[in-house]
Amino acid sequence: MNKIDIYEDVVNKYMQALAACDLDGLCKLFTPDAKIYSPLLGWVEHRGFFEKMCTLSDIEKSYQIPHNTMLSAEGKSTMIKHFTYHWAVKDGRSTTFEVCDVFEFNDDNLITKETILYDTYQLRIDMQGNPLDY
């Protein structure tokens with residue numbers, strides 16, 4: 001497999017694990033020291049971020065609508081997943097937003113850094129604040 005196919009496979013596994021809140025499935029895609037940038041939390045350790053997400057998320061009511069998968073035009077080990085995310089939390093609140101997740105990979109095809117990009121305005125209204133701030 002070439003790098004594009006490998007990265008796309010990793011990103012697809014990430015999206016499936018995220019939808020299922022499969023904490024171990026998510027974490028095995030990352031290096032042990034990988035960080036995630038969340039618009040709601042800033043830079044955080046990946047396992048802690050996913051633990052928060054999975055604790056809150058209602059996976060039966062949350063879903064993703066994929067739009068695009070993009071590879072760096074500069075030849076970097078970077079892939080972007082563009083999708084719409086309908087996020088429901090267990091207390092009944094929900095929101096929908098468009099998001100781009102930027103994944104950076106190491107030579108072993110593990111994610112070293114994820115930057116999540118979206119506008120938090122509507123999310124903060126729909127969720128009455130930051131649901132990850134607990």
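**Note on the predicted model**

Glutamate 60 is exposed, with a relative accessible area of 71%. The structure is a predicted model, and the points below take up its features in turn.

1. Lysine 90 stands 30 residues away from glutamate 60 in sequence, and the two C-alpha atoms are 9.7 Å apart in space.

2. The helix α1. This helix has 18 residues. From its first C-alpha to its last, α1 reaches 26 Å, which is close to the 26 Å expected at 1.5 Å a residue. At its start, the backbone nitrogen of isoleucine 4 has a side-chain oxygen of asparagine 2 within 3.1 Å.

3. The buried residues of α1. Ile6, Tyr7, Val10, Val11, Tyr14, Met15, Ala17 and Leu18 are buried in this helix. An α-helix has 3.6 residues a turn, so residues three or four places apart point the same way. The reader may wish to follow the buried positions along α1 with this in mind, among them Tyr7, Val11 and Tyr14.

4. The residue after α1. Cysteine 21 follows this helix, and its phi is positive, near 50 degrees. Cysteine 21 is a residue other than glycine with such a positive value. The loop that holds cysteine 21 runs between α1 (3-20) and α2 (23-27). Is cysteine 21 buried or exposed? Cysteine 21 is buried, because its relative accessible area is 18%, and the cut-off for burial is under 20%.

5. Glutamine 128 lies in the segment after α4 (121-126). With a relative accessible area of 64%, glutamine 128 is exposed, whereas cysteine 21 is buried.

6. Asparagine 109 is found in the loop between β5 and β6 (111-117). Asparagine 109 counts as buried because its relative accessible area is 17%, against a cut-off of under 20%. Which residues does asparagine 109 touch, not counting those up to four places away in sequence? They are Lys3, Ile6, Tyr7 and Val10. Of these, Ile6, Tyr7 and Val10 are among the buried residues of α1. The side chain of lysine 3 is joined to that of asparagine 109 by a polar contact of 2.9 Å.

7. Serine 72. The loop between β3 and β4 contains serine 72. At 19% relative accessibility, serine 72 counts as buried. Its side chain reaches the backbone nitrogen of lysine 76 at 3.3 Å.

8. The cavity. Rolling a probe the size of a water molecule over the atoms shows where empty space is left. How many cavities of 30 Å³ or more does the structure hold? There is one, and the largest cavity has a volume of about 180 Å³.

9. The lining of the cavity. The largest cavity is lined by 16 residues. Those that lie nearest its centre are Phe49, Met53, Tyr85, Ile116 and Tyr118. At least two residues of the lining come from each of α1, α3 (46-56), β4 (78-88) and β5 (94-105). By type, the lining divides into 14 nonpolar residues, one polar and one charged.

Definitions and conventions. Residues numbered from 1 in each chain as written. Predicted model: local features only at pLDDT ≥ 70, side-chain atom pairs only at ≥ 80, totals over all residues. Heavy atoms only, no water. Helix = DSSP H or I, 4+ residues; strand = E, 2+ residues; numbered from the N terminus. Buried < 20%, exposed > 50% of the residue type's maximum accessible area, 1.4 Å probe, protein only. 1 Å grid on protein atoms, 1.4 Å probe; cavity = no way out; pocket = protein on both sides within 12 Å on 5 of 7 lines; lining within 4 Å. Points joined across faces, edges and corners; volume = space filled by probe spheres on them. Nonpolar A, V, L, I, M, F, W, Y, C, P; charged D, E, K, R; others polar. Polar contact = N/O pair within 3.5 Å; in protein donor to acceptor, adjacent residues only side chain to side chain. Contact = heavy atoms within 4.5 Å. Expected span 1.5 Å × (residues − 1).
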